[in-house]
Amino acid sequence: MNVEEFRDYCLSMPHVTEKMPFTAVKDPYSRDVLCFYIGSKWFCYVNITVFDRCCVKMEENDACELRAEYEGIRPAWHMNKRHWSDVYFNQDVPDDLIRQLVHNSYDLILAKLTKRERDMLNDTPSD
């Protein structure tokens, strides 16, 4: 999977938007981070220049099990390590599993949105 395929997959989910919120920071890695949002919350991010890993939210038990099974799934750098995991590309994590983890993260974040925000999304046509 390359960065364009990954981006296309993320944007294929209903009501997903993208932005690069860290362009003004000094850290070069963070400046190139593209975040994917459902409503006002991100569910995944990836560095579009390095494209080494993505960061996704997981249920705590799933995160522990997956980290034990895959070398390429690790506690997320700079995020709550109980709930967020870095998933490394081109390691032992199959692309299909990466897509599933991204979709699961989307579902987890969607469920955490307020009813008002979910209702607003449902009133907005998706692309």
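Visitor: Why does Val-93 count as buried?

Guide: This is a predicted model, and in it Val-93 has a relative accessibility of 4%. Buried means under 20%, so Val-93 counts as buried. Val-93 sits in the loop between β6 (84–88) and α4 (95–112).

Visitor: How far is Val-93 from Tyr-70 in sequence and in space?

Guide: Val-93 and Tyr-70 are 23 residues apart in sequence. From C-alpha to C-alpha they are 6.5 Å apart in space.

Visitor: How far apart are Cys-64 and Val-3?

Guide: In sequence Cys-64 and Val-3 are 61 residues apart, and their C-alpha atoms are 27 Å apart in space. Cys-64 belongs to helix α3.

Visitor: Why is Cys-64 called neither buried nor exposed?

Guide: The relative accessibility of Cys-64 is 47%. Buried means under 20% and exposed means over 50%, with partly exposed in between. Cys-64 therefore counts as partly exposed.

Visitor: What makes Glu-65 exposed?

Guide: Glu-65 has a relative accessible area of 55%. The cut-off for exposed is over 50%, so Glu-65 is exposed. Glu-65 lies in helix α3, which covers residues 60–69.

Visitor: Which residues form the negative surface patch?

Guide: The negative patch is formed by Glu-59, Asp-62, Glu-65, Glu-69, Glu-71 and Asp-92. Asp and Glu count as negative, and a residue of a patch has over 30% relative accessible area.

Visitor: How do you know that the protein chain is as compact as a globular protein of its length?

Guide: First, the elements. The protein chain has 5 helices and 6 strands. From the N terminus on, they run α-β-α-β-β-β-α-β-β-α-α. The radius of gyration is 14 Å, close to the 14 Å that the globule rule gives for 127 residues, so the protein chain is as compact as a globular protein of that length.

Visitor: What does the C-alpha trace span along its principal axes, and what share of the residues counts as buried?

Guide: The C-alpha trace spans about 40 × 35 × 25 Å along those axes. Of the 127 residues, 38% count as buried.

Visitor: What is stated about the phi of Phe-51?

Guide: Phe-51 has a positive phi of about 45°, although Phe-51 is not a glycine. Phe-51 is located in the loop between β3 (41–47) and β4 (53–57). Its relative accessibility is 12%, and the cut-off for buried is under 20%, so Phe-51 counts as buried.

Visitor: What is the phi of His-15, and where is His-15 found?

Guide: His-15 is not a glycine, yet has a positive phi of about 65°. His-15 is found in the loop between α1 (3–11) and β1 (16–19).

Visitor: Why is the contact of Asp-52 with Arg-53 called a salt bridge?

Guide: The closest N and O atoms of Asp-52 and Arg-53 are 3.6 Å apart. A salt bridge needs a side-chain nitrogen of Lys or Arg within 4 Å of a carboxyl oxygen of Asp or Glu, so the pair counts as a salt bridge. Asp-52 is partly exposed at 22% relative accessible area, while Arg-53, at 10%, counts as buried.

Visitor: What does the salt bridge between Arg-82 and Glu-60 tie together?

Guide: The side chains of Arg-82 and Glu-60 meet in a salt bridge of 3.5 Å, N to O. Arg-82 lies in the loop between β5 (73–75) and β6 and Glu-60 in helix α3, so the pair ties together parts that are 22 residues apart in sequence. Arg-82 counts as partly exposed at 48%, and Glu-60 counts as partly exposed at 32%.

Visitor: What separates Arg-99 and Asp-96 in helix α4?

Guide: Arg-99 and Asp-96 form a salt bridge, with the closest N and O atoms 2.7 Å apart. The two are 3 residues apart in helix α4, so about one helical turn separates them. Arg-99 counts as partly exposed at 27%. Asp-96 has 57% relative accessibility; since exposed means over 50%, Asp-96 counts as exposed.

Visitor: How many salt bridges are there, and which residues are linked in a network?

Guide: The count comes to 7 salt bridges. Glu-4, Arg-7 and Glu-18 are linked in a network of salt bridges.

How values were computed: Residues numbered from 1 in each chain as written. Predicted model: local features only at pLDDT ≥ 70, side-chain atom pairs only at ≥ 80, totals over all residues. Heavy atoms only, no water. Patch = residues over 30% accessible without salt bridge, like charges linked within 9 Å, V, L, I, M, F, W, Y side chains within 5 Å. Areas by Shrake-Rupley, 256 points an atom, 1.4 Å probe, with all protein chains shown as cover. Charge placed at Lys NZ, Arg CZ, Asp CG, Glu CD. Helix = DSSP H or I, 4+ residues; strand = E, 2+ residues; numbered from the N terminus. Buried < 20%, exposed > 50% of the residue type's maximum accessible area, 1.4 Å probe, protein only. Rg over C-alpha atoms; globule rule 2.2 N^0.38 Å.
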